[in-house]
Amino acid sequence: MLRYVIVLILLTNFFKTDFICQESKTLLINFSNLRNNKGYIRAGIYLDNNSFQDELPTRTVSFKKEKAKNGKLKAEVLINEGEYGIAVLDDENNNGKMDYKFFIPQEGYGFSNYIHSTLQKPNFVKFKFTVRKMMINEVNIPMKYILWNQ
């Protein structure tokens with residue numbers, strides 16, 4: 001009897017995992033205005049304004065920039081349906097953090113479908129988007145650099 005219960009639990013978990021995989025959608029991400037091919041793009045995926053303001057992404061992903069051409073890079077992420085916002089760091093020196101000089105960001109940053117124009121953090125509402133089934137899900141992330149030449 002115990003053997004049947006274990007098999008039933010294993011089969012249930014197998015089908016549950018398969019079901020979760022079926023709900024994941026491909027999100028196409030288009031990065032633009034990259035100033036070079038050095039380092040990585042570090043992207044934090046957020047669910048709401050609180051997680052963004054607290055800098056607690058639900059998921060982080062990194063993309064090597066060596067394949068970028070003419071300041072553009074395309075990437076894909078598997079993600080479930082729902083509402084999200086993506087905040088991005090162009091980590092040119094690959095140290096995993098934004099570098100500052102006299103309080104001015106030395107590396108680029110960007111947000112999903114939003115061009116940020118101030119040095120303050122934007123509100124999540126400005127860069128959120130929705131991933132839906134039966135649709136092509138795509139976001140554009142234009143990178144911004146305070147100091148272009150370095």
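Trainee: Is Q106 buried or exposed?

Mentor: This is a predicted model, in which local features need pLDDT of at least 70 and side-chain atom pairs count only at pLDDT 80 or more, while totals for chains, interfaces and linings use all residues. Residues are numbered from 1 along each chain as its sequence is written, and side-chain values use heavy atoms, with hydrogens and water left out. Buried means under 20% relative accessible area, exposed over 50% and partly exposed in between, with a 1.4 Å probe and protein chains only. Because its relative accessibility is 12%, Q106 counts as buried.

Trainee: Which backbone oxygen does the side chain of Q106 reach?

Mentor: Q106 lies in the loop between strand 7 (104-105) and strand 8 (109-111), where helices (H or I, at least four residues) and strands (E, at least two) are DSSP runs numbered from the N terminus. At 3.0 Å, the side chain of Q106 reaches the backbone oxygen of I104.

Trainee: Where is F103 found, and is F103 buried or exposed?

Mentor: F103 sits in the loop between strand 6 (100-101) and strand 7, and its phi is near 70°, a positive value in a residue other than glycine. Since its relative accessible area is 79%, F103 is exposed.

Trainee: What is the phi of E55?

Mentor: E55 belongs to the loop between helix 2 (49-53) and strand 3 (59-64), and at 54% relative accessibility E55 counts as exposed. Although E55 is not a glycine, its phi is positive, at about 55°.

Trainee: Which residues are closest to the centre of the largest pocket?

Mentor: A pocket is an open set of points, on a 1 Å grid over the protein atoms alone, where a 1.4 Å probe fits, with protein on both sides within 12 Å along at least five of seven lines; lining residues have an atom within 4 Å of a point. The largest pocket has a volume of about 720 Å³. Of its 27 lining residues, the closest to the centre are E55, V88, L89, M98 and Y100.

Trainee: Which strand gives the most to the lining of the largest pocket?

Mentor: At least two lining residues come from each of strand 2 (40-46), strand 3, strand 5 (82-91) and strand 8. With four residues, the one that gives the most is strand 2.

Notes
Polar contact = N/O pair within 3.5 Å; in protein donor to acceptor, adjacent residues only side chain to side chain. Points joined across faces, edges and corners; volume = space filled by probe spheres on them.
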